[in-house]
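Morning, everyone. Please look at the structure on the screen, and I will take you through two of its contact surfaces.

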Amino acid sequence: MVLLQASTEALNYTWILIVSFLIFFMHAGFAMLEAGQVRSKNVANQLTKNLLTWSIGVVAFFLVGTGIAGIAGGGSFSWGGTASGLGFIDFLYGAVFAMTGATIVSGAVAGRAKLRAYITYTILLAAVIYPVVISFTWSATNTGLVEIITGTPFTDFAGGMIVHGMGGIAGLTAAAILGPRMGRFNEDGSANVIPGHSMTFAVLGTLILAFGWYGFNVGTSAIYGADGFAAAQLGQVAITTTLAMAMGAIAAGAVAWFQTGKVDTLYVANGLLAGLVGITAIPHTTIWQGALIVGIISGAQLPIVFKFVETKLNIDDVCAVFPVHGSAGVIGTLLYSFVAAGAWSGWTPNVGFMIEGLIPQVVGVVVIGGWTLTATAVVWYVLKAMGEARVTPEHEQEGLDVSEHGVETYPEFGSGESVVADGGIMSEDIEATRGSKDD
Amino acid sequence: MVLLQASTEALNYTWILIVSFLIFFMHAGFAMLEAGQVRSKNVANQLTKNLLTWSIGVVAFFLVGTGIAGIAGGGSFSWGGTASGLGFIDFLYGAVFAMTGATIVSGAVAGRAKLRAYITYTILLAAVIYPVVISFTWSATNTGLVEIITGTPFTDFAGGMIVHGMGGIAGLTAAAILGPRMGRFNEDGSANVIPGHSMTFAVLGTLILAFGWYGFNVGTSAIYGADGFAAAQLGQVAITTTLAMAMGAIAAGAVAWFQTGKVDTLYVANGLLAGLVGITAIPHTTIWQGALIVGIISGAQLPIVFKFVETKLNIDDVCAVFPVHGSAGVIGTLLYSFVAAGAWSGWTPNVGFMIEGLIPQVVGVVVIGGWTLTATAVVWYVLKAMGEARVTPEHEQEGLDVSEHGVETYPEFGSGESVVADGGIMSEDIEATRGSKDD
Amino acid sequence: MVLLQASTEALNYTWILIVSFLIFFMHAGFAMLEAGQVRSKNVANQLTKNLLTWSIGVVAFFLVGTGIAGIAGGGSFSWGGTASGLGFIDFLYGAVFAMTGATIVSGAVAGRAKLRAYITYTILLAAVIYPVVISFTWSATNTGLVEIITGTPFTDFAGGMIVHGMGGIAGLTAAAILGPRMGRFNEDGSANVIPGHSMTFAVLGTLILAFGWYGFNVGTSAIYGADGFAAAQLGQVAITTTLAMAMGAIAAGAVAWFQTGKVDTLYVANGLLAGLVGITAIPHTTIWQGALIVGIISGAQLPIVFKFVETKLNIDDVCAVFPVHGSAGVIGTLLYSFVAAGAWSGWTPNVGFMIEGLIPQVVGVVVIGGWTLTATAVVWYVLKAMGEARVTPEHEQEGLDVSEHGVETYPEFGSGESVVADGGIMSEDIEATRGSKDD
């Protein structure tokens, strides 16, 4: 038997397929993480949004989004349908990153956004907003807007800013315009906690996301690059992703412990994710000591930024998507030049390297963040002006599962006392409604 | 250092191992999807069936099934134990497809089949029924029964008919013979809804299945085929699987929305799966426009076929396995010649191609469906005649968890009011029993 | 286009990365399996432990553990930070095995260990205890303690003893020193069952673990070994892992059925895992008939050893980690020479081979087990003497979620009646506390 030799291209694409599957599986992670963090009356709504984000988003990205990215990046409208063979795999590989960004938003607007509003925004995100973001950077035919402005390329390896920072900023913007859930804030601006219905699902989602994240970060590296087997880069990304994830969980848990004397489970879980987000822009260039620092900062900022958004901005970011994806993504992107191998000669900082490297990162964050915030704000203000952004107060009290989807997530569990968890609002009307539905 | 060159065989088998693991993981998906769709008193029963389907099924397939497939396909009884090395990997690769078919049945007979009846059927499915199906097609030493009849090969790339169609038809047959759960239908033939206990587990299962399905469909393609790196086929399968999945969810949700004004979460989830089932026979040959159509039809038929089975046939297919796996599998298999690249020259249909291609598909569906229905009916009628098919009414009311497994799935949750969800049947006796068990 | 040829090294490392991701995902499996087996008031505690086991453990293993392993194995302190490129991937590959061992312990000490005690032990396990174990065997610079003693290498392919046996013995030791949960045993030594809060999460965890286990066992084989494509070994490991898993589930379920007339779901699930543990030391060398036997013995011993630990030793091993990981790991390791290909000529046993092969296995089990037991006992006795091992009785009654983490896992579910499940202890004080918390 003659054994044919496998080509580097075949190995690269085998890898791309597998990591694309892993990144796709992050939708199960987001679905569980978000479902766990909402009330039981809104779980099916959250699950439906996650299913439809992928389903509607990937079709919109295929039919329109990739074409828009081409035009916005100075090229032609070469959409998904013009591809073939490996081009289809490249599309899928791009789509799983795009849909990760899209699905983040659903966690911020949970519990009160109308399904049709969310779907409308998702279509625009997949067809226009995200494609424009990648036209600034990854998919630019020319060098991309950030490089045009600064003369230096923007560094975002796997989407710390492009995917997660964008998603977190979009989520915060949408949540701000939509307003908080009923009972979330008191008239004096103080906040009521509305705990999620299942910590178990939230942690399951966290660990599914961490699993998929290895595909997200390590999978952004090819096995074979221009210089042959990319052993150094693969190892670097694997170790920095691992260490930043670990330190994110530890730091967030430690800050919560210092603040309250207890190790809040959800902060540990979200801190683990924030550590992953923090390193996502720079896993290939960060030294391992730097990955520890990125993880510590990304995790430690989580409880602080969350409290700031809650108590100072009074924005109801239900699943903490801004501290987890937004601020952690921005911070990691900006830390680039301080934790890269070139930034230090032993204990001596290379200040020139740090400043020079910081400039395109700042510009990139401002450009991507500004575009995302503006475009998101326009869409949600229009939806709001049309009276289509938010469900009625009755539907919100009753829960979106019944009003938007006609289902109960847990028909055999829960009871009247559950409403106590809902920001202190007593709602006999809801119970009456649910009671009659059971008949 | 001399770097040895990797062979195409090694890359192919690395891929086969990984996709086999992914397809194995679909058992977690089925377990969650089905557990979520049954009542809380029957969850452990459903979980046990899923664990044992794999465990008992894979041993039966190893010791007997592969041998039967060999004989039925015109070859010798070369069972699992006669293999070695790569032959063992080939066995595992075949077994994960076989067990996917087997586990589908458990969703149809939930809530009233005796465990021993289900196990008996599973052994026969793994040892005989499925092996005979693949002897008609994939594993035939000669050209297979379908090709012998029609002179043309039957097209079923990854098991749209062979695995899913078979499983769905087997499930419907078994459910029909077993009869509905108590209280499912009224004397006038009208139906009571018995909602599943957890939408969250059902959607989690859906997304795990979708993840594994990339292994199922894309993993059916080798990385290297006879003509070298199978780039075109891999890309084709990846994109058609993605688009059909997406459109299945959208179409099922849209039909439910048209019918009721609400976007039913479970229809969206099951629609996503129906889209995947629909494309499974033909992902390698369907053009992307065709994948959209296959997804739309597979998803849209779901609510309609489900209602037909429920209200016209009065069959209690608990987890909707027939509309999801059966009818969608049949439809996708039959759509082959209409959505393949050769079926269209631009907007002009190639009618000759369509008719010629349809013939072996129809014959294949009839042969596989007829054999599955007949064999399944014989087994379940015998079990029924022996009084071994169904648990006693007392055990059904009490729940199969307690009666068959001696456990409660959620000993800390739920309460007396839960029985309201059980098709309207009030059952004080059950509560009394459960109350005494807690003492 | 010139297609470069992929090297065997690149394919091997692609494989190592992917299986490392799969093994990492086993943390989600352990989290769900253990969360499902504890009471609802302790779920968040269990989840937090799992998150922190990985996060703290991997950093400790990176900074200290790998260095300790080097020294203890007769080499130098070459810790994680001295690596680069592929060395980082090798570290990650080693770390996912190490953390699997670490996380097993959390299931044994559930429901009463202080978080800080558990964290302290985890750090010592990752930094010292496990590194010393691998210095006896896998990571030894010289031939390793077991081979030094016996002159023959110790056979443990993927960590049946080194990872699982160690974890199970460590868990049993810690649980024994910590003492049982309140109400677990009566004064006459008889046991009360404290059922876990969710069989669904337990079975989900089981299936996630089985999925990851394919990475654990098959992934321990390289794709290319010294003799080229390791086709024979890969096939052997894949089939023996599959068959032992299947027979473990069947045997444990059958024993439970013989004992009680019911097929206990949790025994089937844990039996599946015990079958996997049993084969983990020897999947590469065991013949397929031997894998069936290993699975049967590993599964069948589970209900028996569990009952022995419970009723004879009165040790409260909450998640049955000793029968699943400890005794099954030891048994599988010792079965090596009886089920290997060399052990039989047809039906004739090769007694010499069996005895010669058994010696290093016994010595290895004694050395690893003795070290693990001793080191674990020292740590937990010191923690106990300092009054830091166990939470107060009030906190234990209230549940560790509230006392250690300040959260409720399911704020909307459950009610006063749930305490009945807690070993028969009525606790009005707890309810009063929880009631006031909700206000």
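I will start with chains B and C, then turn to the domains of chain A.

Keep in mind that this is a predicted model.

Chains B and C. On the chain B side, 63 residues are in contact with 62 residues of chain C. Together the two chains bury about 5,000 Å². Carbon and sulfur atoms account for 78% of that area. Who loses the most area on the chain B side? Phe21(B), Leu51(B) and Glu412(B), with 15% of that side's buried area together.

Now the polar part. The rule finds one salt bridge across this interface. Glu412(B) and Arg39(C) meet in a salt bridge through their side chains, 2.9 Å from N to O. There are also 12 residue pairs in polar contact. Helix H1(B) gives the largest share of the chain B side, 16 residues. By class, that side has 44 nonpolar, 14 polar and five charged residues.

Next, chain A. The domain assignment gives domain 1, 2-385, and domain 2, 393-432. Their centres, over C-alpha atoms, are 32 Å apart. Here 22 residues of domain 1 are in contact with 18 of domain 2. The buried area is about 1,600 Å², with 54% from carbon and sulfur atoms. In domain 1, Arg39(A), Lys41(A) and Met182(A) lose the most area to domain 2, together 40% of what that side buries.

On the domain 1 side, helix H2 of chain A, residues 43-72, gives the largest share, four residues. That side divides into nine nonpolar, eight polar and five charged residues.

Technical notes. Residues are numbered from 1 along each chain as its sequence is written. Chains are lettered from A and ligands numbered from 1 in the order in which they are written. This is a predicted model: local features need pLDDT of at least 70, side-chain atom pairs count only at pLDDT 80 or more; totals for chains, interfaces and linings use all residues. Side-chain values use heavy atoms; hydrogens and water are left out. Contact means heavy atoms within 4.5 Å. Buried area is the accessible area (1.4 Å probe) that two parts lose on being put together, summed over both. A salt bridge is a side-chain nitrogen of Lys or Arg within 4 Å of a carboxyl oxygen of Asp or Glu. A polar contact is a pair of N or O atoms within 3.5 Å; within protein, one must be able to donate a hydrogen and the other to accept it, and residues adjacent in sequence count only if both atoms are side-chain atoms. Helices (H or I, at least four residues) and strands (E, at least two) are DSSP runs, numbered from the N terminus. Ala, Val, Leu, Ile, Met, Phe, Trp, Tyr, Cys and Pro count as nonpolar, Asp, Glu, Lys and Arg as charged, and the others, Gly among them, as polar. Domain bounds come from an automatic or database domain assignment.
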